[in-house]
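Good morning, and thank you for making time for this presentation. I would ask you to keep the sequence and the structure in view while I speak.

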Amino acid sequence: MSPEFIHYTLYFLLTFALSTLFAMGGVGSAIALVPTFTMMGLPFNLAKAIGLFINSASTITASIMNFFRGVLDIKFALPLVISIMIATPIGAWMSQYVPKEMVEWILVAFLIVSAFLLLFSYRETKVVYDKAWILYVIGGSVGIISGMIGVGGGSLIMPLLILLGFDAKKAAYAISFVIPFSTLGAFATYLSFIKMDWLLLADVTVAAIMGGYLGDRILHYNLTAGEVKKLIGVLLLIVAAKMIAKLLHITF
């Protein structure tokens with residue numbers, strides 16, 4: 001068995017496992033895959049570009065199934081689509097002018113904030129604040145950050161929508177629809193200034209599609225999203241801790 005085969009198999013299995021888990025929570029897996037790929041030795045900008053494409057592949061699969069099941073509210077998702085589609089490529093373009101270590105610290109902050117929002121954002125819904133302008137603000141601000149650090153932004157948008165009073169499953173379906181509009185634009189921006197490993201991209205994309213399909217079926221038919229989000233929150237904190245150790249050159 002060649003080292004190259006083992007290399008691609010490892011990336012496939014890792015992507016499949018995380019894409020399944022994160023699709024069960026209604027968010028893209030790039031937020032965990034990008035730092036994990038980087039810690040495995042992949043160049044940071046390449047890991048970000050692949051993470052963005054993975055998020056597109058897994059969420060497109062979920063969105064197609066949600067559309068045919070009639071659970072996707074496109075009118076609700078439209079302000080998020082428009083704002084994040086504009087903002088994410090801008091964030092990706094800006095990343096080449098920001099020091100790599102600073103972008104990694106932004107990613108760490110994003111991981112921690114997302115984890116705590118996923119762990120503690122649950123509350124009983126009494127009022128739903130559904131003005132379109134707040135959705136534009138959320139999409140635009142999350143889009144800039146997510147484009148810069150190479151993630152879809154769903155893990156941050158999801159708890160914010162829950163805090164505004166939206167149903168968690170409705171938010172998850174909308175985010176799956178929104179993410180491809182942001183990630184594909186940012187992915188194209190990264191291609192303009194990185195060298196892509198197309199074989200690795202194809203390998204992990206197949207794994208992400210399979211994981212996205214499996215995770216969405218489990219979410220729709222077997223689980224409530226609450227416990228899955230807590231599991232994802234803990235996982236994000238573990239990834240953040242490992243990234244902090246790497247940035248501070250701490251070995252365990």
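Let me begin with a term: two residues are in contact when heavy atoms of theirs lie within 4.5 Å. Please also bear in mind that this is a predicted model.

With that term in hand, I turn to leucine 33, which belongs to helix 2, residues 30–39. Setting aside its neighbours within four places in sequence, leucine 33 is in contact with Leu14, Thr15, Leu18, Ser19 and Ile54. Is leucine 33 buried or exposed? Its relative accessibility is 0%, so leucine 33 counts as buried. I would also point out glycine 51, which is 18 residues from leucine 33 along the chain; the C-alpha atoms of the two are 6.4 Å apart.

Next, the nonpolar core. The largest one has 71 residues, and those with the most contacts inside it are Phe37, Ile50, Leu161 and Leu236. Helix 8, residues 168–191, gives the most to this core, contributing ten residues. Let us take leucine 161 as our example. Apart from neighbours within four places in sequence, leucine 161 is in contact with Phe76, Leu80, Leu135, Phe166, Ala171 and Ile175.

I now come to helix 4, which covers residues 74–95. From its first C-alpha to its last, this helix of 22 residues reaches 30 Å, close to the 32 Å expected at 1.5 Å a residue.

Helix 6, residues 132–149, holds serine 146. Serine 146 has a relative accessible area of 0% and is therefore buried. Its side chain reaches the backbone oxygen of glycine 143 at 3.2 Å. Beyond the neighbours within four places in sequence, serine 146 is in contact with Thr88, Val151, Gly152 and Gly153.

Finally, the charged residues. How many salt bridges does the structure hold? There are two. In one of them, lysine 100 pairs with glutamate 104, with the closest N and O atoms 3.3 Å apart. Both residues lie in helix 5, residues 100–120, and they are four residues apart, about one turn of the helix. In general, an α-helix has 3.6 residues a turn, so residues three or four places apart point the same way. Lysine 100 counts as partly exposed because its relative accessibility is 45%, whereas glutamate 104, at 2%, is buried.

Glutamate 104 also meets the side chain of lysine 246 in a salt bridge, at 3.2 Å from N to O. Lysine 246 lies in helix 10, residues 225–247, and glutamate 104 in helix 5, so this pair ties together parts that are 142 residues apart in sequence. Through shared partners, the salt bridges join Lys100, Glu104 and Lys246 into one network. As for lysine 246 itself, a relative accessibility of 32% means that this residue counts as partly exposed.

That concludes my presentation, and I thank you for your attention.

Conventions
Residues are numbered from 1 along each chain as its sequence is written. This is a predicted model: local features need pLDDT of at least 70, side-chain atom pairs count only at pLDDT 80 or more; totals for chains, interfaces and linings use all residues. Side-chain values use heavy atoms; hydrogens and water are left out. A nonpolar core is a set of buried Ala, Val, Leu, Ile, Met, Phe, Trp, Tyr and Cys residues joined through side-chain atoms within 4.5 Å. Buried means under 20% relative accessible area, exposed over 50%, partly exposed in between (1.4 Å probe, protein chains only). Helices (H or I, at least four residues) and strands (E, at least two) are DSSP runs, numbered from the N terminus. The expected span of a helix is 1.5 Å times one less than its number of residues. A salt bridge is a side-chain nitrogen of Lys or Arg within 4 Å of a carboxyl oxygen of Asp or Glu. A polar contact is a pair of N or O atoms within 3.5 Å; within protein, one must be able to donate a hydrogen and the other to accept it, and residues adjacent in sequence count only if both atoms are side-chain atoms.
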